[in-house]
Amino acid sequence: METTHYEFQAQVRQLLDILSHSLYTNRDVFIRELISNAADALDKVRFRSVKGESMSDPDLNFEIRIDLDEKAKTITISDTGIGMTKQELIDNIGTIARSGTSEFVKQLKADEKNVTLIGRFGVGFYSVFMAGERVDVTTKSADPNEPSWIWTSDGAGTFDIAEGPKEFKRGTSVHVRLRDNAEEYAQKWKVQSIIEKYSNFVPFPIKLNGEQVNKVTALWREPKSKISKEQYNEFYKFIAHQSDDALTWMHFSADAPLQFHSLLFVPKTNIEFFGIESPDEGINLFVRRVLIDAHDKEILPHYLRFVRGVLESDDLPLNISRETLQDNPYMVKIKNTVVGKFLSHLHDLATKEPDIFKEFWQSHGRIFKEGYNDFPNKEKIAALFHFNSSKAARVDELISLDSYVDHMHPDQQEIYYLSGPDRKSVENNPALEIFKAKGIQVLYCYDPIDEFALPGLFDYRKKNIVSADQVDLAKLEKIPAESGDVKGKKKPTKKDEKDLDRLARRIKDILGAKVEDVKLSDRLVNSPAVLVSQGMSSQMEKMMHIYTPDMAPKPKVMEINKTHPLILSLLAIYKKDAKDHILDTVALNLFNSAALLDGTITDPQTMAADIQGIITETLSLYDKTAESDADEDSSIE
Ligand code: ADP
């Protein structure tokens, strides 16, 4: 019989090398992965059969068999599923087409416990080489007239494919010859305990040495009162390929006018934060007990992509294709109901279990905030948004938009936020000074997505949401200052104000095109100057700069603080001699330091030269004093 010899793709070799040489803990995972592949293959063939398509061996029962041979040290996991053609064998278990694998290999190298995540990266099959020294996969596709094939490998870099026995029936059989140190996987108690732990919820009978060992129940169709916390978590671990418990779940069924069952889980962690796109995104969609789509991405919106779970409806047609699903009117109604219920579930969590909600927000908040443009659900989504704020004592203290609005000053008309990379830089932003002085709460935003999400919401409970560095100061006028800083400040006289205006004009002349204008400020308390943008907030501008680096930033308005000692000294010099050279040096440095705080320095070379200029000037003044001191000294002599 003809055998063809193949090399594994380089990425597969790398993965196999780690799996077969350096991993000794969590090896149980391979049984879970092979059972899960068998169950997937059965789901696929069942779907094909309900659609009435022709297939080989149509009378076979849908089931998984596990046969152990302690003497021969083998375990064989067989299914009557969809099977594979020769080409599918080569494509599915010889190459990895998915992205994310090299990331996974890195994680494995860093910590072998990560092997439990293997199924989430879509490379679960290869885990068989943690325990097996030789693996034979015999398979026959459900496509009629396909022969059977045997794939064989020792996981060392190559595999062989030869034609299989004529009598082999539809499905796949994975025969594993165990390594010397992995003989326990041929023992019944061991394999049974693994099935109980990981595979109790497989929706097909699992027969271990001929005896059925699992209950085939659809947990989501059972009444809530009959299900324990442990069962929920066990089910979650099975469908989400997880080893941790779920953070929270929602089990919701509807009878009329729509009929469906849903069981949705929120994982504790979010792997997207590691820059990895999860290939197992989407929930399991069942119609009348048949899995139509294992990764349905239509029911839940993209901003809930971290959710794992199941939805089943008997109202949908069985022969529905994934493509037409989204246009089905029942589907649209089910989707709206489920999303609404799920958002209410999160809302309950926020009010009744704030610690769990906080964990949710830390893991998934960044992705959830992408939901700002789900307009029909806008109020519900915004109600879940939480931020750190100027009134919080610590960086991990979060408040909701509701709490913000509830605590607003009676004369406050808008919701204010300010963005920056971290708490310290937001707190030091001069734009915040007027808010601090008046005791107005400002939400602190550290995520780049906030720059889209908050202006995207536009308003909440009829209050506009405005970036603090773009506030129209007239809106704050009625709110009195609380802190001594502003209260105690003397307002400049009318005459001073005129001189200050002229000084501002002079500074504008010096700075030229660097600024749009120079104006006297009412928002500053402690800082001498601030840059204010007209269109978008500074943070947004910085982000735009990342995407379009060639677009020159628009010059900003520089506001100067008419009560600040620096400005008042400058005014004194200006009044003596409007042409004094020091005015140029100070104006440039005032601008530079404001740009530095604003985070929008575009030309550090010129800035350094300006700073050196003022140092030179100061030193020369100092030198003159030294010279005159020396003169005095000599005169004494
Ligand atoms: P995943 O199952 O997450 O896709 P695996 O590495 O476990 O990743 O399997 C790779 C592919 O091999 C599967 O997607 C499937 O197409 C095929 N496969 C594995 N086991 C079986 C099986 N028992 N029957 C049919 N196809 C299988």
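**View 1. Domain division of the chain.** In this predicted model, the chain is divided into domain 1 (3-212), domain 2 (219-354), domain 3 (385-485) and domain 4 (493-602).

**View 2. Where domain 3 meets domain 4.** The centres of domain 3 and domain 4, taken over C-alpha atoms, are 24 Å apart. Contact involves 19 residues of domain 3 and 19 residues of domain 4. Between them, domain 3 and domain 4 bury about 1600 Å², and carbon and sulfur atoms account for 57% of this area. On the domain 3 side, the residues that lose the most area to domain 4 are Pro430, Glu433 and Glu451, which together make up 33% of what that side buries. Zero salt bridges are counted between domain 3 and domain 4.

**View 3. The aromatic pair of Phe235 and Phe265.** The model has 25 aromatic pairs. One of them is formed by Phe235 and Phe265, with 6.1 Å from centre to centre and 45 degrees between the planes. The pair is classed as tilted, because an angle over 60 degrees would count as edge-to-face and one under 30 degrees as stacked. Phe235 belongs to helix H6 (residues 229-240) and Phe265 to strand S11 (residues 260-266). The two residues are 30 apart in the chain, so that the pair links distant parts of it. Both Phe235 and Phe265 are buried.

**View 4. A cluster of aromatic rings.** Tyr303, Phe306, Phe357, Phe360, Trp361, Phe368, Phe385 and Phe387 are joined into a cluster by ring pairs.

**View 5. Lys51 and the ring of Phe47.** Lys51 lies over the face of Phe47, at 4.4 Å from the ring centre.

Terms used. Residues are numbered from 1 along each chain as its sequence is written. This is a predicted model: local features need pLDDT of at least 70, side-chain atom pairs count only at pLDDT 80 or more; totals for chains, interfaces and linings use all residues. Side-chain values use heavy atoms; hydrogens and water are left out. Rings of Phe, Tyr and Trp (its six-membered ring) pair if their centres lie within 6.5 Å; planes under 30 degrees apart count as stacked, over 60 as edge-to-face and the rest as tilted. Helices (H or I, at least four residues) and strands (E, at least two) are DSSP runs, numbered from the N terminus. Buried means under 20% relative accessible area, exposed over 50%, partly exposed in between (1.4 Å probe, protein chains only). A charge sits over a ring if NZ of Lys or CZ of Arg is within 6 Å of the ring centre and within 35 degrees of the ring normal. Domain bounds come from an automatic or database domain assignment. Contact means heavy atoms within 4.5 Å. Buried area is the accessible area (1.4 Å probe) that two parts lose on being put together, summed over both. A salt bridge is a side-chain nitrogen of Lys or Arg within 4 Å of a carboxyl oxygen of Asp or Glu.
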